[in-house]
Amino acid sequence: MRDAMQVFSDMAEPNETDRVVEALEMFRLMCRKGVRVDSVSLSSMLGVCAKGCGESGGCDHSDEIPSNVNGQQIHGLTVKLGFEGDLHLNNSLLDMYAKSVDMKSAEKVFASIPEVSIVSWNVMITGYGLIFQSQKAIEYLRRMQSCGFEPDEVTYINLLAACVKSGDIKSARQMFDNISRPNVMSWNAILSGYFQMEDHLEVIKLFREMQFQGVQPDRSTLAIALSCSAAMGILEAGKEIHAASHKAVSDTDIYVASALIGMYSKCGKTEMAKHIFHDMQELDVVCWNSMIAGLSLDSQDKEAFNYFKQMRQHEMLPTQFSYATILSCCAKLASSFQGKQVHAQITKDGYVSDVFVGSALIGMYCKCGDADGARNFFDMMLKKSTVTWNEMIHGYAQNGRGDEAVLLYWDMIASAERPDAITFISVLTACSHYGLVDAGIDIFNSMEHKHGLEPVLDHYTCIIDALGRAGRFQEAEVLLDEMPYKDDPVIWEVLLSSCRVHADVSLAKRVAEELIRLDPHNSAPYVLLANIYSSLGRWDEARAVRDLLIDKQVIKDPGYSWIEYEKMVGS
């Protein structure tokens, strides 16, 4: 029985939970039959309990009993049978408590061990890593060294993982640099740490160093590096990683293929993304999602919709991400017909109550001009997130219903849903477009005082726009002098538009000069100022501004629009 338990504890089965329960039942039967229990049997069972703790994440949700309750019983039996001094058994106890994130109990066991080993120290370091306490893990490293123990490779690998999980990338890098020959898992850990910190350039540098050291990347390494290339839009780096992937993994690896599709799409190479997609022998939903998202990102929304249809034809069940992406395509195409088709499919597939999908549906209806349809769906949603409220408030603002946007904002505050920076951009936009200047000023001032959010450029732009539209230029200029974004062209462009509405030539000229100074290649100040002069019949001055635009070789951006006709969308 003891040998069977030992073999079982080392097994890695796909369904660990059922095996853990079975092993515990076998152990109880062993005890009832009077079979002698020794330290190896107990250690094996603690290993089983540790696996159970890892599976449940610290709690057995079926009855809310702590997952280490069985381990605690084994611990009691250990004491009862007089095995407190067994080092191997004590290390198993430490491991069980660490994996069940019960570090208080682990500390007590550690303190009671007559003579600890390097394994004991390493288990404690791993345990604190699991609960994101990197400083505590580092403290154990120092204590370990002060007790005369030299850290080994396992120590540094455990510390690296602890620091990465805690977001302490500086300490993680120190631990990584202490590993003499890091394996692929160590490289993946440090790469993921920098990826989480959005230091994409460092990830690419480390990936190249990893290649130089002859360490073969795996699919996780490649996915992280490709994601970083995509985030920076650096095609050359992405191509290097693509070349490395041919040596490291199979060309049919779906995980890497999905990352490659995403990278090429985000670097503007959708044809290459399509080539990889169509070369795949087998496609999963992640590959389809990457391809659809890539086409949408490249403004190929009609093509994205065609791929979504093909995905359905291949009997691939869309995910929340699939639906959110395709609803975004419908919104950009302003195609309510296609949007309603997708809505019907969402209802059929059972995602209608999903907050993520529901928020995307509200955004689609609003962008297609159907704010009432969006509100009907909004009111039916049982669960709402901040994003849901933001979509509906912004939808009202987009559709010229600012008063309803402000009322919905106050409903949100009353519901105890916490507003974020996007909420304030949405409601301040509504105030600006609907002429609710005083309400906008009150909401703007409440951001920092009541909600602890510091206004950024977009918030200042909204309130300057509101003041400008109302012709309250003196207040706008005072705010411009006080805010920290004086050198951003967007603010001045908004104010210049208001000067045109109120025919304030003097201020318009000053604002246009400031805009040209900040962004000499922006055509907007020339066009707006010329239009102001034209509207007042000052043709010579208008012509002079247009001539200046030509002389400085500033190119005016062309406009375009979409129209839906007989269920077809065209430009």
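Contact here means heavy atoms within 4.5 Å, and that is how to read each "touches" or "meets" in these legends to a predicted model.

**View 1. The whole protein, before we zoom in.** Start with the overall picture: the secondary structure of this predicted model comes to 32 helices and 4 strands. Of the 571 residues in the protein, 48% are buried. The protein exposes about 28800 Å², and carbon and sulfur atoms supply 52% of that area. Look at contacts with a separation of 6 or more, and you'll find that residues 24 or more positions apart account for 61% of them.

View 2. Is T325 buried or exposed? Its relative accessibility is 10%, so it counts as buried, the cut-off being under 20%. Set aside residues up to four places away in sequence, and T325 touches I292, A293 and S296.

View 3. With 10% relative accessibility, S171 counts as buried. Which residues does S171 contact once its neighbours within four places in sequence are left aside? They are Q135, I138 and C163.

**View 4. Helices α23 and α24, side by side.** Two packed helices are described by the angle between their axes and the distance between the axes. For α23 (residues 386–398) and α24 (residues 402–414), the angle is about 160° and the axes are 7 Å apart. That angle makes α23 roughly antiparallel to α24, because angles over 145 degrees count that way. The crossing of α23 and α24 is left-handed. Where do the two helices meet? On the α23 side, look for T386, W389, N390, M392, I393, Y396 and A397. On the α24 side, their partners are G402, E404, A405, L408, Y409, D411 and M412.

**View 5. F132, a loop residue with a positive phi.** Most residues other than glycine have a negative phi. F132 is not a glycine, yet its phi is positive, at about 60°. You'll find F132 in the loop between α7 (118–130) and α8 (134–146). Is F132 buried or exposed? F132 has a relative accessible area of 52%, so it is exposed, the cut-off being over 50%.

**View 6. E315, another loop residue with a positive phi.** E315 isn't a glycine either, and its phi is positive at about 60°. The place to look is the loop between α18 (301–313) and α19 (320–332). With a relative accessible area of 74%, E315 is exposed.

**View 7. Where to read the model with care.** Across the protein the mean pLDDT is 84, and 90% of the residues reach 70 or more. Over residues 11–15, though, the pLDDT is below 50, and this stretch has 3 contacts in the model beyond near neighbours in sequence. Residues 59–66 also stay under 50, and here the model has 7 contacts beyond four places in sequence. Where pLDDT is low, the predicted coordinates should not be read in detail.

How values were computed: Residues numbered from 1 in each chain as written. Predicted model: local features only at pLDDT ≥ 70, side-chain atom pairs only at ≥ 80, totals over all residues. Heavy atoms only, no water. Buried < 20%, exposed > 50% of the residue type's maximum accessible area, 1.4 Å probe, protein only. Areas by Shrake-Rupley, 256 points an atom, 1.4 Å probe, with all protein chains shown as cover. pLDDT = per-residue confidence, 0-100. Axes fitted to C-alpha atoms, helices over the stretch in contact; angles between N-to-C directions. Parallel < 35°, antiparallel > 145°, perpendicular 65-115°, else oblique. Left-handed = near helix turned anticlockwise from the far one by under 90°.
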